[in-house]
Amino acid sequence: MNRMTGVMKIHWKDKWNWIYIPWIILLFSFAVNVFIGVLTGGEEQINSGGLSSIFIYIFVCSLIVQGQTFSFALGLNVRRTDYFAGTSMMGLLVSAASAIVLSFFSLLEKWSDGWGVNLHFFTIPFMNSISPIGRLGIYFVVLVHMFFMGLVISSIYRRFRRTGLFVFFTTLFVLSSVASFSLTYYGLWLDVFGWIANHYMEMFVWMAPIAVVYALLSYAMIRRATV
Amino acid sequence: MNRIVEVNRLNKTYGSDTVIKDVSFAIEENKIYGLLGRNGAGKTTIMHMITAQLFPSGGELKVFGENPYENNRVLSRISFIKESQKYPDIFRIADVLDIAASLYPNWDQSFAEQLIEDFRLPVKRRMKKLSRGMLSSVGIIVGLASRAPLTIFDEPYLGLDAVARNLFYERLIEDYAEHPRTVILSTHLIDEVSNMLEHVIVIDNGRILLDEEADGLRGKAFTAVGPAAAVSAFAAGKQLIHRESIGGLASVSVLGDVSGAERRQAEAQGIELVPVSLQQLIVHLTNGKTNGKVAELG
């Protein structure tokens with residue numbers, strides 16, 4: 001049997017982390033929003049941010065998953081390459097499946113005119129002008145981006161342990177402080193927000209190559225990680 | 001004989017700490033090896049390097065004639081059961097066995113099921129909730145049922161009672177007879193396994209102390225018990241590894257063979273000669289007093 005699929009099988013055993021928990025959170029949030037919509041009688045338009053939970057959770061999931069399974073897989077003499085490939089494939093499949101289901105809900109949302117209560121849960125206002133395929137693409141690319149962001153951070157820990165994470169987060173903190181200070185000093189915050197408002201589609205497009213960079217970095221670190 | 005593992009001047013250092021120092025040995029096909037030594041001697045480190053879970057700092061390491069690192073031809077033929085194995089929190093025993101079944105090419109499901117019954121394991125229970133002994137049993141089942149050409153057990157018996165340990169030894173020997181393979185057994189309970197071992201490698205402080213056929217070792221050392229004066233005379237000129245006296249009686253353990261004439265003479269003086277057990281021999285060798293004298297043993 002192909003050993004990469006063996007790794008995917010290890011992940012598949014943990015359906016709670018990969019599938020159930022994120023969807024329970026998302027659907028619970030959705031239910032609460034529908035309830036509020038019913039209470040307000042659909043007079044107010046509700047733009048919920050509940051959709052973001054699934055993107056955050058896939059990041060959390062990939063942070064958790066490596067700590068749970070890496071030592072186990074290597075203990076069963078799985079190659080690091082197969083571990084990386086199996087884990088990435090699992091992340092891509094789960095992202096794709098989630099993106100399809102999210103698109104389906106967003107279509108329903110449109111057809112039912114906000115679930116009958118003027119609720120926009122699965123679409124964000126700017127998405128109204130985007131085709132269903134485009135929406136599917138946005139869901140997918142954001143999910144994949146978040147997944148590999150989690151994977152690259154947990155790979156830093158796998159490879160360089162606590163020191164690695166310490167250096168990484170310190171550097172990140174220093175850089176973001178410097179950036180934030182410079183933006184304030186030169187009065188550029190408004191320009192930044194303005195730029196984002198005009199270029200958010202490009203940002204989604206850029207998430208794809210950035211995710212590839214995360215994946216390559218993760219692979220490089222996993223290749224040299226020990227149990 | 002085919003060499004399954006070849007280790008040549010292997011080193012492992014952590015910073016300035018040398019854990020493995022110029023270790024060289026070879027493991028031949030279809031034999032049972034004992035890798036023995038005290039805690040922290042470097043046994044587990046060596047086994048981790050053989051399975052490419054740790055990286056050597058220097059030296060040469062070949063498993064099935066190739067470098068094991070990221071090499072499926074090698075790794076798929078190894079089953080390495082260690083006491084420190086981690087399992088995902090959510091896994092039940094059944095999940096572990098299911099994954100093992102799909103990763104080990106020679107997995108024997110009916111053998112695994114029979115072992116589950118023998119060890120009375122609750123397959124639906126989560127790994128997190130298992131007792132130490134049950135956790136060890138799961139490892140043993142994976143190690144035996146995987147029938148890997150190179151099977152390594154690193155202190156697999158932790159927390160197991162005597163009955164279960166015996167069961168492990170029996171099943172290992174039975175299955176080894178039917179499906180010969182190379183087994184490396186690392187253990188502290190040397191007496192329990194000494195009859196199984198065909199070859200013994202003793203490691204101490206990251207160095208090889210002894211690398212010999214078990215049969216050869218059994219006649220390597222003797223303990224002479226008798227009247228103190230007679231025993232002293234007998235021991236004169238021999239290499240002592242241990243000495244004890246109680247009242248007028250003395251007991252000395254000496255290295256080396258005893259000739260027939262010597263034996264008869266000793267017996268006439270009331271000295272009783274018994275071979276030193278493997279465990280005693282290794283305790284003598286690794287207790288720090290006799291280090292460095294071992295070269296003369298071979």
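**A tour of chains A and B**

B:Asp95 is buried, with a relative accessible area of 7%; buried means under 20%, exposed over 50%, and partly exposed in between, with a 1.4 Å probe and protein chains only. This is a predicted model, where local features need pLDDT of at least 70, side-chain atom pairs count only at pLDDT 80 or more, and totals for chains, interfaces and linings use all residues. Residues are numbered from 1 along each chain as its sequence is written, chains are lettered from A and ligands numbered from 1 in the order in which they are written, and side-chain values use heavy atoms, without hydrogens and water.

**Stop 1: between the chains**

The term requires a side-chain nitrogen of Lys or Arg within 4 Å of a carboxyl oxygen of Asp or Glu. B:Asp95 lies in helix α3 (residues 93-103) of chain B and A:Lys13 in the loop between α1 (3-12) and α2 of chain A, so this pair joins two chains. Helices (H or I, at least four residues) and strands (E, at least two) are DSSP runs, numbered from the N terminus. A:Lys13 is partly exposed, at 23% relative accessible area.

Now widen the selection to A:Lys9, B:Arg92 and B:Asp98. Together with A:Lys13 and B:Asp95, they are linked in a network of salt bridges. Over all chains, the search finds 23 salt bridges.

**Stop 2: salt bridges within chain B**

Select B:Arg132 and B:Glu83. Their side chains meet in a salt bridge, 3.8 Å from N to O. B:Arg132 is in helix α5 (residues 132-145) and B:Glu83 in the loop between β5 (78-82) and α3, so the pair links distant parts of chain B, 49 residues apart. B:Arg132 has 33% relative accessibility and counts as partly exposed. B:Glu83 is partly exposed too, at 31%.

Go to B:Lys31 next. Its salt bridge partner is B:Glu28, with the closest N and O atoms 3.3 Å apart. B:Lys31 is buried, at 10% relative accessible area. B:Glu28, at 22%, is partly exposed.

**Stop 3: charges over rings**

Stay in chain B. Show B:Arg77 with B:Phe64: the charged end sits over the ring, 4.1 Å from its centre. Then show B:Lys238, whose charged end sits over the ring of B:Phe234, 4.4 Å from the centre. The rule asks for NZ of Lys or CZ of Arg within 6 Å of the ring centre and within 35 degrees of the ring normal.

**Stop 4: aromatic pairs**

Rings of Phe, Tyr and Trp (its six-membered ring) pair if their centres lie within 6.5 Å; planes under 30 degrees apart count as stacked, over 60 as edge-to-face and the rest as tilted. The count by this rule is 25 aromatic pairs over all chains. Select A:Trp23 and A:Phe105, a tilted pair at 6.4 Å centre to centre and 35° between the planes. A:Trp23 is in helix α2 (residues 15-40) and A:Phe105 in helix α4 (residues 80-111) of chain A, so the pair ties together parts 82 residues apart in sequence. Both residues, A:Trp23 and A:Phe105, are buried.

Extend to A:Phe30, A:Phe104, A:Trp115, A:Phe121 and A:Phe122. With A:Trp23 and A:Phe105, these form one aromatic cluster.

**Stop 5: helix α7 of chain A**

Finish on A:Met203, in helix α7 (residues 189-223) of chain A. A:Met203 is partly exposed, at 35% relative accessibility.
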